[in-house]
Amino acid sequence: MKFFIDTANLAQIEEAQALGVLDGVTTNPSLMAKEGITGKNNILKHYVDICNLVDGDVSAEVNAVDYEGMIKEGEELADLHDQIVVKLPLTKEGIMACKYFSDKGIKTNVTLVFSAGQALLAAKAGATYVSPFIGRLDDVSTDGLALIEDIRLIFDNYGYETEILAASVRHTMHIINCAKIGADVITGPLSAIAGLLKHPLTDIGLAQFIADFEKGNK
Ligand code: E4P
């Protein structure tokens, strides 16, 4: 399973990269705005900075909503760095743009996916990744993990190579359950990834080992 970090914060990306388990980064316009990155040139430079920090795929989202605009913006993003994945919304125009980029061999991430039908369309358009937002579904009392299960079944039935990128991951149990049901990738905050490290018995056991070692080596 691949781990992507869902942030535009360079310090957090560096921290996750240093852990040695990071496979990529996802961003979105809200995450860029949260870091105070505004204006086209600053945004493009920030994507390059992110690519230079990590080894894997970096999703960069288009802001245009019309087809021509998505193509223009997506091409500009893809030209920035070979790690860039063009992130497109699941709209009619986004699916058409996904087909355009996949035909050209440019990687895509189709985002804002909330149903199995939407995921199926993205796979048929050749998406590299499809991003179902499990946390946002949970927020409205709908089972986000059940959506991942449905998409897994559909993709396996037909051998679609599109990777299921479970997005809007909020905590450790989302990651563990996504791993159990076969999501290819999760993207979430550093807190969720680093949270996997924690177990009180590990802390208690280590404290005991240290104490016993010190007793015997005084
Ligand atoms: C996915 O790529 C999105 O950036 C993200 O996972 C959305 O998460 P949120 O629902 O926590 O904003």
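**Salt bridges in a predicted model**

Today's topic is salt bridges, and the count in this predicted model comes to eleven, where a salt bridge is a side-chain nitrogen of Lys or Arg within 4 Å of a carboxyl oxygen of Asp or Glu. Because the model is predicted, local features need pLDDT of at least 70 and side-chain atom pairs count only at pLDDT 80 or more, while totals for chains, interfaces and linings use all residues. Residues are numbered from 1 along each chain as its sequence is written, and side-chain values use heavy atoms, with hydrogens and water left out.

Let me begin with Lys40 and Glu76, whose closest N and O atoms lie 2.6 Å apart in a salt bridge. This pair links distant parts of the chain, since Lys40 sits in helix 3 (residues 40-53) and Glu76 in helix 4 (residues 67-80), 36 residues apart; helices (H or I, at least four residues) are DSSP runs, numbered from the N terminus. Lys40 is partly exposed at 49% relative accessible area, and Glu76 is also partly exposed, at 28%, where buried means under 20%, exposed over 50%, and partly exposed in between, with a 1.4 Å probe and protein chains only.

Salt bridges with shared partners join Arg152, Asp156 and Asp184 into one network.

Key. Helix = DSSP H or I, 4+ residues; strand = E, 2+ residues; numbered from the N terminus.
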